Amino acid sequence: MKHSHIVGLGSYLPERVMTNHDLERMVDTSDTWIRERTGIERRHIIAEDQCTSDMAAEAARRALDDAGLDISAVDALMVATTTPDKIFPATATIVQAKLGGHGFPAWDIQAVCSGFVYGLAQADAMIRAGLFRRVLLVGAEAMSRIVDWSDRSTCVLFGDGAGAVLLEGRAQPGGVLGSVLHADGSYRDLLKADHPHPPASPDRKALDFGRDAAGIAAIEMRGNEVFRVAVTKLGEVVNEILQQHQLRKEDVDWLVPHQANIRIIQATAKKLGLSMDRVAQTVREHGNTSSASVPMALDALYRAGRLRQGQLLLLEAFAGGFAWGANLVRWSKQGETG
Ligand code: ACO
C-alpha cells in the first residue's frame with residue numbers, strides 16, 4: 001500500500017490589504033474590538049478582475065514549482081472552495097485549463113472551511129487505493145464576494161487567498177497517517193449563505209438565479225452559537241484522531257488549525273496542552289479564508305523553515321454545515337526552506 005506524502009506546497013494572497021482601520025470607515029466597528037474578539041488585524045481582498053480560479057492556479061503553480069514538477073506529472077486535481085467561479089463547470093476544471101493540464105480528472109469539494117481537511121482525507125484514500133499517484137489539492141476562496149459588507153458581525157472576519165499541496169504516493173511510511181471527518185446538518189441554519197432568489201421552477205422565471213455563482217449570496221452567522229459548538233467539536237475531534245492512531249497529546253509537534261478566530265485556536269491548543277508557539281497562526285494577517293486557511297497556514301510554517309522530518313502535525317477545521325474534521329501528518333518533506 002502507498003502512503004500519501006506532501007511533496008510540494010504553495011500559496012497565493014491577493015495584493016490588496018484591508019486593515020481593521022479600513023473597516024472602521026465602512027461599518028460601526030473598531031480595531032480593538034476585532035483584535036480582541038478574533039485576533040484579526042488585516043486580510044487580503046481579491047482584485048475586481050480576479051476570480052477564485054486565478055488564485056487557485058497561482059497557489060498550485062507554486063506547489064508544483066516547490067516539488068520541481070509540472071502539471072504533466074499530476075494525476076488528479078481537487079479544488080476545495082465555497083466561492084466557485086461559476087455554478088458549473090467545477091472551478092477545478094478551470095484551474096486545470098489555466099495550468100495547461102489535460103485529461104486527468106478535476107473536481108470541486110464543498111465542505112466550506114473544512115474543505116481542505118475533507119479534501120486531504122479524500123486524496124489520501126484515493127492514493128492508498130492506488131487510483132492516483134499524484135494529487136494536486138487546492139483550497140481557494142474569494143470570501144469577500146459572499147460577504148455582506150454592511151454587516152459588521154461577519155464582514156470583519158473573512159479574507160481571500162489560496163493554498164495548495166501536491167501529494168505523492170510512495171511505499172515509505174509517513175505523510176498522511178489518517179483523517180477523521182464529521183458533519184451534522186441539524187446545525188445548518190447557524191452559518192449559511194442562501195441564494196437571495198429561490199431556484200427556478202418550470203412555473204417560475206428566476207431571472208437572476210444562476211447567472212454568476214459568486215456574488216449572489218451573503219454569509220449569515222449566529223457567531224456566538226457557532227463559537228461554542230466549534231470549541232466543543234474541535235476538542236473532541238483532536239482526541240478522536242489521536243486515539244485512533246494510538247498517539248498521545250504530547251506526541252503532537254504542530255497544530256495547524258483552521259484560522260477562524262484566535263480564541264477558538266487557543267481553546268484547542270489548551271485542550272492539547274500545546275503552547276501557542278507550536279501552533280500555526282495566520283489569522284492575524286489573513287482573517288478567515290475558509291478552505292484556503294489550513295493549506296496557507298501549513299505553507300507559512302514550511303516557508304518559515306519550522307517543519308522537520310518526522311514531526312507530527314495535527315490539522316483541523318470547523319465549518320458551516322456543520323462539517324468538521326482533522327488529519328494527522330507525519331512530516332516527510334525534504335529540504336525545508338527558510
Ligand atoms: N464590531 C463591534 N461590535 C460588534 C461587531 C463588530 N465587528 N460584531 C458584533 N459586535 C457586537 C455585537 O452586536 C454584540 O453587541 P451587544 O452585546 O450589544 O449585543 C457584541 O459585539 C458581542 O457580540 P457576540 O456575537 O456575542 O461576540 P463574540 O464574542 O461571540 O464574537 C465572533 C463574535 C467573532 C463572530 C465569534 O462568535 C466567532 O468567532 N464565532 C465563530 C466563527 C467561526 O468559527 N465560524 C466557523 C467557520 S466560518 C465558515 O464555515 C464559513
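Trainee: What makes the crossing of α3 and α4 right-handed or left-handed in this predicted model?

Mentor: Happy to start there! In this predicted model, α3 passes α4 in a right-handed crossing. A crossing gets that name if the near helix is turned clockwise from the far one by less than a right angle.

Trainee: Why are α3 and α4 called oblique to each other?

Mentor: Set the value against the cut-offs. The axes of α3 (residues 52-67) and α4 (residues 91-98) cross at roughly 55 degrees. Roughly parallel needs an angle under 35 degrees, and roughly perpendicular needs 65 to 115. The two helices are therefore oblique. Their axes come within 9 Å.

Trainee: How do you know which residues make the contact of α3 with α4?

Mentor: Contact means heavy atoms within 4.5 Å. On α3 the contact involves T52, S53, D54, A56, A57 and R61, and on α4 it involves T91, I94, V95 and K98. By class, four are nonpolar, three polar and three charged.

Trainee: And what is the handedness of the crossing of α7 and α8?

Mentor: α7 passes α8 in a right-handed crossing. The axes of α7 (residues 223-244) and α8 (residues 262-272) come within 10 Å and cross at roughly 35 degrees. Among the residues in contact are F227 and L234 of α7, with I264 and L272 of α8. The classes here are nine nonpolar, three polar and two charged residues.

Trainee: Where is the pLDDT below 50?

Mentor: The chain averages a pLDDT of 94, and 93% of the residues score at least 70. Over residues 206-215, however, the pLDDT is below 50. Where pLDDT is low, the predicted coordinates should not be read in detail.

Definitions and conventions. Residues are numbered from 1 along each chain as its sequence is written. This is a predicted model: local features need pLDDT of at least 70, side-chain atom pairs count only at pLDDT 80 or more; totals for chains, interfaces and linings use all residues. Side-chain values use heavy atoms; hydrogens and water are left out. pLDDT is the predictor's confidence in each residue, from 0 to 100. Axes are lines fitted to C-alpha atoms, for helices over the stretch in contact, and angles run from 0 to 180 degrees between N-to-C directions. Helices (H or I, at least four residues) and strands (E, at least two) are DSSP runs, numbered from the N terminus. Angles under 35 degrees count as roughly parallel, over 145 as roughly antiparallel, 65 to 115 as roughly perpendicular and the rest as oblique. Ala, Val, Leu, Ile, Met, Phe, Trp, Tyr, Cys and Pro count as nonpolar, Asp, Glu, Lys and Arg as charged, and the others, Gly among them, as polar.
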